[in-house]
Every structure is written in C-alpha cells, then in structure tokens.
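Visitor: Could you take me through this structure? I would like to go through the helices and their packing.

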Amino acid sequence: MVERLIRLSPITEYPDQDLFEQAHTHEIHAIKSALSVLEDDYCVQLNIPEIGYIFNIMNG
C-alpha cells in the first residue's frame, strides 16, 4: 500500500464507495487516524478506496 502511494499509483476504485463512506464514517476516521504516522512519515495520503480495502482485511 505504501509503495503504491509513494509511486503515485493508489487504488482509485472501491465497490459501492458512496455507501461505504456513509455507513462507516467512524471506521474510516479510526483507520485514517491509526495510519496517520505512515501518511506523515512517507508524505502520502490514504484515499477512501485504500481505506475500504484495509477495512475489508480487518473485518475479513
């Protein structure tokens, strides 16, 4: 994930992204907060599709 973001090749699509954003605002904020160190250290920005796939991994 970090390598993709550093190389400016982030995932840009997530299935039903609008529904995901509406239904999981708390989780999105928690994941973004937890990974803010990566964002700061590597000067990257996590987008919603990346967060969606992280959410899927965590909720397997």
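**Packing of helix 5**

Guide: The buried residues of helix 5 pack against helix 1 (2-6), helix 2 (17-23) and helix 3. Helices here are DSSP runs (H or I, at least four residues), numbered from the N terminus; buried means under 20% relative accessible area with a 1.4 Å probe, protein chains only, and contact means heavy atoms within 4.5 Å. This is a predicted model, in which local features need pLDDT of at least 70 and side-chain atom pairs count only at pLDDT 80 or more, while totals for chains, interfaces and linings use all residues. Residues are numbered from 1 along each chain as its sequence is written, and side-chain values use heavy atoms, with hydrogens and water left out.

Visitor: Which residues of helix 5 are buried?

Guide: They are Ile48, Pro49, Glu50, Ile51, Gly52, Ile54 and Phe55.

Visitor: Why does glutamate 50 count as buried?

Guide: Glutamate 50 counts as buried because its relative accessibility is 2%. Its side chain reaches the backbone nitrogen of isoleucine 11 at 3.0 Å, a polar contact (a pair of N or O atoms within 3.5 Å; within protein, one must be able to donate a hydrogen and the other to accept it, and residues adjacent in sequence count only if both atoms are side-chain atoms).

Visitor: And what reaches the backbone nitrogen of glutamate 50?

Guide: A side-chain oxygen of asparagine 47 does, to within 2.9 Å, at the start of helix 5.

Visitor: Turning to glycine 52, what does it contact beyond four places in sequence?

Guide: Glycine 52 is in contact with Tyr14 and Phe20, leaving aside neighbours within four places in sequence. Its relative accessible area is 0%, so glycine 52 is buried.

Visitor: How do the axes of helix 3 and helix 5 cross?

Guide: The two axes, lines fitted to C-alpha atoms over the stretch in contact, with angles from 0 to 180 degrees between N-to-C directions, come within 10 Å and cross at roughly 95°. Helix 3 is therefore roughly perpendicular to helix 5, a term for angles of 65 to 115 degrees.

Visitor: Which residues make that contact?

Guide: Glu27, Ile28, Ile31 and Lys32 of helix 3 meet Ile48, Ile51, Ile54, Phe55 and Met58 of helix 5.

Visitor: How many residues has the largest nonpolar core?

Guide: That core has 12 residues, among them Leu5, Tyr14, Phe20 and Val44. A nonpolar core is a set of buried Ala, Val, Leu, Ile, Met, Phe, Trp, Tyr and Cys residues joined through side-chain atoms within 4.5 Å. Helix 5 gives its largest share, 4 residues.

How values were computed: Buried < 20%, exposed > 50% of the residue type's maximum accessible area, 1.4 Å probe, protein only. Helix = DSSP H or I, 4+ residues; strand = E, 2+ residues; numbered from the N terminus. Parallel < 35°, antiparallel > 145°, perpendicular 65-115°, else oblique.
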